[in-house]
Amino acid sequence: MSFAHVSLTPERLQNLHWSFPKAFHFARARVFVPLIQTEILRAAREYPIAFAREGEQWHPVAYLGDTSGQTNRFVDDKGEWQAGYVPFWLRVYPFVHAHEACTVLLDPSFVGVSGSHAFTTADRKLTQEVRGVADQVRKASAGAALLQAAATQIVEEGIAQPRTGLSAPDSAPLLFVAAGRPADVLAAKAADWYARSALTVELAIAAAFSSASMPRAEPAAVTLEPPPEPAPARPAAIAPTYVPPAAPADLDWLDMSEKISF
């Protein structure tokens, strides 16, 4: 189902409220979502990075689909997100970037007469919360042109290719960079690419790294030749008398602090 886009103006949003997603049922049928420049490395840890066509340009997306390419494999039956990082455009929904501006998608599940945040004040002006979201969307979209240029160059150079055996609901196929070492991905072009745009090289490497997260119909078979020798028996470990405090479970050094908070 498609919903109308509304410009971020007091006249169009008077007396309406919105809520950010707490469940992600709305994304169940989405098999990819566009990525912003500051989240490329963070997303590459958990999702395959693909390239989708938009007009004459290509842009990087996080591939969310299963092996059939029909369902988002990261949303469970309860609407909970089954990964450690949620892409930016899903976190800020129902706010979207359209026609070079921040707009609101009138999804009744998130926009209506009740909600967590008001769009307008009593004197019919946009609230501070709305202005904060619009500013975040503006910053997130600022690097879109450079990112599209880098993605288009990767596609035109033949680095990204269609994935064999992967179907998608869109008529235009998604392209992926095969997993491999940076030298295998860039071949002899790295120096020339770096001279023109380091972003192109970084995006290609991130996309190659992310391909290890492609969904598989069944676990890949592993064979070892020759078979390993049995490990020698070792005495049981002795419990230490001192146990240091646990470190944080995930030192998220790739988090670029683009999260929204009020």
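Mentor: The rings of Phe, Tyr and Trp (its six-membered ring) pair if their centres lie within 6.5 Å, and by this rule the count comes to 14 aromatic pairs. The rings of tryptophan 18 and phenylalanine 119 have centres 5.0 Å apart and planes at 40°, so this pair is tilted; planes under 30 degrees apart count as stacked, over 60 as edge-to-face, and the rest as tilted. This pair links distant parts of the chain, 101 residues apart: tryptophan 18 belongs to strand 2 (residues 17-18), while phenylalanine 119 lies in the loop between strand 9 (117-118) and helix 4 (128-141). Helices (H or I, at least four residues) and strands (E, at least two) are DSSP runs, numbered from the N terminus.

This is a predicted model, in which local features need pLDDT of at least 70 and side-chain atom pairs count only at pLDDT 80 or more, whereas totals for chains, interfaces and linings use all residues. Residues are numbered from 1 along each chain as its sequence is written, and side-chain values use heavy atoms, with hydrogens and water left out.

Tryptophan 18 and phenylalanine 119 are both buried; buried means under 20% relative accessible area, exposed over 50%, and partly exposed in between, with a 1.4 Å probe and protein chains only. Phenylalanine 88 and tryptophan 89 form an edge-to-face pair, 5.0 Å centre to centre with 80° between the planes. These two residues, phenylalanine 88 and tryptophan 89, are buried as well. One aromatic cluster is made up of Phe24, Phe26, Tyr47, Phe74, Trp81, Tyr93 and Phe110.

Let us return to tryptophan 18 and its strand. Two strands pair if DSSP finds at least two bridges between them. Strand 2 and strand 9 run antiparallel and are joined by 2 bridges, and tryptophan 18 has histidine 117 in strand 9 as its bridge partner. These strands belong to an open sheet of 3 strands with the order 8-2-9 and antiparallel pairing. Strand 8 (111-112) and strand 9 are its edges; each has a single partner strand, so one side of each is left without a neighbour in the sheet.

An open sheet of 3 strands also occurs with the order 1-7-6, again with antiparallel pairing. Here strand 1 (5-7) and strand 6 (95-98) stand at the edges with a single partner strand each, so one side of each has no neighbour in the sheet. From one strand to the next the twist averages 50°; axes are lines fitted to C-alpha atoms, for helices over the stretch in contact, and angles run from 0 to 180 degrees between N-to-C directions. Strand 6 runs antiparallel to strand 7 (residues 101-105), with 4 bridges between them, and alanine 98 has alanine 101 as its partner in strand 7.

Strand 4 (residues 49-54) and strand 5 (residues 57-63) pair in the antiparallel sense over 6 bridges. They form a hairpin with 2 residues between them, and glycine 55 in the turn has a positive phi of about 70°. Within this pairing, isoleucine 49 stands opposite alanine 62, and arginine 53 has tryptophan 58 as its bridge partner. Strand 5 is also joined to strand 3 by 3 bridges in the antiparallel sense, and there valine 33 is the partner of alanine 62. Strand 5 is mostly covered, as 6 of its 7 residues are buried. Strand 4, in turn, runs antiparallel to strand 11 (residues 175-177) over 2 bridges, where alanine 50 meets phenylalanine 176.

On a 1 Å grid over the protein atoms alone, a pocket is an open set of points with protein on both sides within 12 Å along at least five of seven lines, and its lining residues have an atom within 4 Å of a point. The largest pocket has a volume of about 1,200 Å³. Of the 37 residues that line the largest pocket, those closest to its centre are Arg30, Pro34, Glu54, His59 and His97. Strand 3 (32-34), strand 4, strand 5, strand 6, helix 4 and helix 5 (144-156) each give two or more residues to this lining.

How values were computed:
On a 1 Å grid over the protein atoms alone, a cavity is a set of points where a 1.4 Å probe fits but cannot get out, and a pocket is an open set with protein on both sides within 12 Å along at least five of seven lines; lining residues have an atom within 4 Å of a point. Grid points are joined across faces, edges and corners, and a volume is the space filled by probe spheres set on the points.
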